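My notes follow in the order of the look-ups.

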Amino acid sequence: MTIQSFIPPKRILMGPGPSDISPQVLQALSRPTVGHLDPLFINMMDELKQLLKYAFQTDNEFTIAVSAPGSAGMEACFVNLVEPGDKVIVCRNGVFGDRMRENVIRAGGSAVIVDDNWGEAVSIDKVESALKAHPDTKILAFVHAETSTGAQSDAKVLGKLAKQYGVLTIVDTVTSLAGIPLKVDEWQLDAVYSGSQKCLSCVPGLSPVTFSPLAIEKIQSRRTPVQSWFLDQSLVLGYWSGNDKRSYHHTAPVNSLYALHESLVMLKNEGLENTWKRHQEMHNKLKNGLDKLGFEFVVEPEIRLPQLNTILVPQGIDDARVRGQLLNQYNLEIGAGLGDLAGKAWRIGLMGYGARNENVSLCLRALEEVMVL
Ligand SMILES: *Cc1c(COP(=O)(O)O)cnc(C)c1O
């Protein structure tokens with residue numbers, strides 16, 4: 001038997017990511033590959049930096065896309081900022097907070113955990129108590145939008161609190177970037193990472209990151225070299241910096257970066273405020289439909305993420321059967337529950353290009369039809 005070309009079906013992606021990609025972005029991906037040190041490509045990378053600064057709402061000079069998925073952006077933040085012995089307060093209210101803890105430990109730091117229940121926001125009071133109890137803390141780490149539960153935390157207040165206590169922040173904005181308001185400079189966030197395949201609706205495998213001048217200072221004053229060669233941002237900086245001295249570090253994922261450029265151009269054209277509004281409107285529409293069908297949300301309305309809707313699987317309904325039917329009969333993917341919510345919840349994503357009327361209508365219709373069978 002010969003193995004032939006892989007031709008995937010056209011799915012509608014309404015899970016926790018990857019999200020639906022617009023034809024415009026897919027087209028950008030298939031443009032001719034140029035050399036990654038080609039002057040034209042270098043120029044595109046400079047534009048990409050500008051566009052990322054806009055998306056993050058920052059003037060940080062160090063704003064780039066790590067050539068690897070969101071998890072690598074996470075690791076880049078931790079391995080660069082955390083030195084052996086550094087104390088880091090890690091907020092854990094879902095899967096990704098726990099991964100932050102793993103990263104701290106592997107970087108040789110010590111983690112002070114602030115736990116909150118899954119589905120709840122990070123408690124500001126608990127974080128303040130931890131900051132008071134541990135005056136030697138160097139970094140506060142938290143997830144802005146917990147994709148495992150659909151809850152958002154107050155990054156603005158946490159950023160301010162960190163500054164009051166003189167600590168840096170590492171913030172996971174993988175699901176929040178371009179989906180809900182995120183203002184890196186105004187909120188004084190220091191090391192912020194995201195992903196290409198959530199609300200940016202780009203191909204998976206890139207991680208936008210931005211480092212504040214304070215974060216850069218911390219990296220430059222390290223006593224020990226960053227353990228990871230690939231993720232050592234002081235080396236990557238020479239590759240992404242806008243001068244003529246650009247030298248080889250690794251081969252950029254050229255075509256993926258075309259796609260990111262295109263999705264950011266689309267974001268810029270729509271405007272961040274409009275994008276945030278669209279996510280909220282599509283969420284409201286989905287929520288109204290789900291209410292009518294009798295579904296219950298896991299997260300309280302005030303902290304609900306519009307781009308990630310977690311609902312309880314109704315009593316007596318087989319989680320896997322429904323998701324299987326949605327996929328096979330409607331080409332529609334929704335997400336399963338994670339951790340404690342496995343088998344008990346569904347996660348419906350409305351991310352980026354996926355946050356549109358047709359998707360909401362299809363999802364509601366398909367759920368209704370599949371549930372009565
Ligand atoms: C998806 C996600 C990640 C990981 O991103 P990958 O691209 O899958 O590596 C990290 N944090 C959050 C909150 C996410 O939703």
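**Entry 1: salt bridges.** I counted a salt bridge where a side-chain nitrogen of Lys or Arg lies within 4 Å of a carboxyl oxygen of Asp or Glu. By that rule Arg92, Asp98, Arg101 and Asp115 are linked in a network. The model is a predicted one, so I kept to side-chain atom pairs at pLDDT 80 or more.

I then asked for the total, and the structure holds 19 salt bridges. I took two further pairs from the list.

- Arginine 31 pairs with glutamate 262, with 3.6 Å between the closest N and O atoms. The arginine is in the loop between α1 and α2 (39-56) and the glutamate in helix α9 (residues 254-270), so this bridge ties together parts 231 residues apart in sequence. I noted arginine 31 as partly exposed, with a relative accessible area of 38%, and glutamate 262 as buried, with 12%.
- Glutamate 61 pairs with lysine 49, the closest N and O atoms being 3.7 Å apart. Here the parts tied together are 12 residues apart in sequence, with glutamate 61 in the loop between α2 and β2 (62-66) and lysine 49 in helix α2. Glutamate 61 is exposed at 55% relative accessibility, whereas lysine 49 is buried at 8%.

Entry 2: The domain assignment gives domain 1 as 12-17 + 272-371 and domain 2 as 23-268. I found their C-alpha centres 27 Å apart. The contact takes 23 residues from domain 1 and 30 residues from domain 2.

How much area is buried between domain 1 and domain 2? I got about 2,100 Å², with 66% of it from carbon and sulfur atoms. Leu272, Trp276 and Leu305 supply 31% of what domain 1 buries against domain 2, more than any other three residues.

I looked for salt bridges between the two domains and the count is zero. There are 10 residue pairs in polar contact between them. On the side of domain 1 that touches domain 2, the elements giving two or more residues are α10 (272-292) and β11 (308-312). Of these, α10 gives the most, with four residues. The residues of this side divide into 12 nonpolar, eight polar and three charged.

**Entry 3: backbone exceptions.** Most residues other than glycine have a negative phi, and most peptide bonds are trans. I listed the departures I came across.

- The peptide bond from glycine 17 to proline 18 is cis, with omega near 0°. I placed proline 18 in the loop between β1 (12-14) and α1 (23-29).
- Serine 201 has a positive phi of about 50°. The residue sits in the loop between β9 (191-193) and β10 (207-211) and is buried at 5% relative accessibility.
- Asparagine 331 has a phi near 55°. I found asparagine 331 in the loop between α11 (319-330) and β12 (332-336), partly exposed at 26% relative accessibility.

**Entry 4: tyrosine 353.** I followed serine 201 to tyrosine 353, which, beyond its neighbours within four places in sequence, is in contact with Asp20, Ile21, Ser22, Pro23 and Ser201. Tyrosine 353 lies in the loop between β13 (345-349) and α12 (357-372) and is partly exposed, at 29% relative accessibility.

Terms used: Residues are numbered from 1 along each chain as its sequence is written. This is a predicted model: local features need pLDDT of at least 70, side-chain atom pairs count only at pLDDT 80 or more; totals for chains, interfaces and linings use all residues. Side-chain values use heavy atoms; hydrogens and water are left out. Domain bounds come from an automatic or database domain assignment. Contact means heavy atoms within 4.5 Å. Buried area is the accessible area (1.4 Å probe) that two parts lose on being put together, summed over both. A polar contact is a pair of N or O atoms within 3.5 Å; within protein, one must be able to donate a hydrogen and the other to accept it, and residues adjacent in sequence count only if both atoms are side-chain atoms. Ala, Val, Leu, Ile, Met, Phe, Trp, Tyr, Cys and Pro count as nonpolar, Asp, Glu, Lys and Arg as charged, and the others, Gly among them, as polar. Buried means under 20% relative accessible area, exposed over 50%, partly exposed in between (1.4 Å probe, protein chains only).
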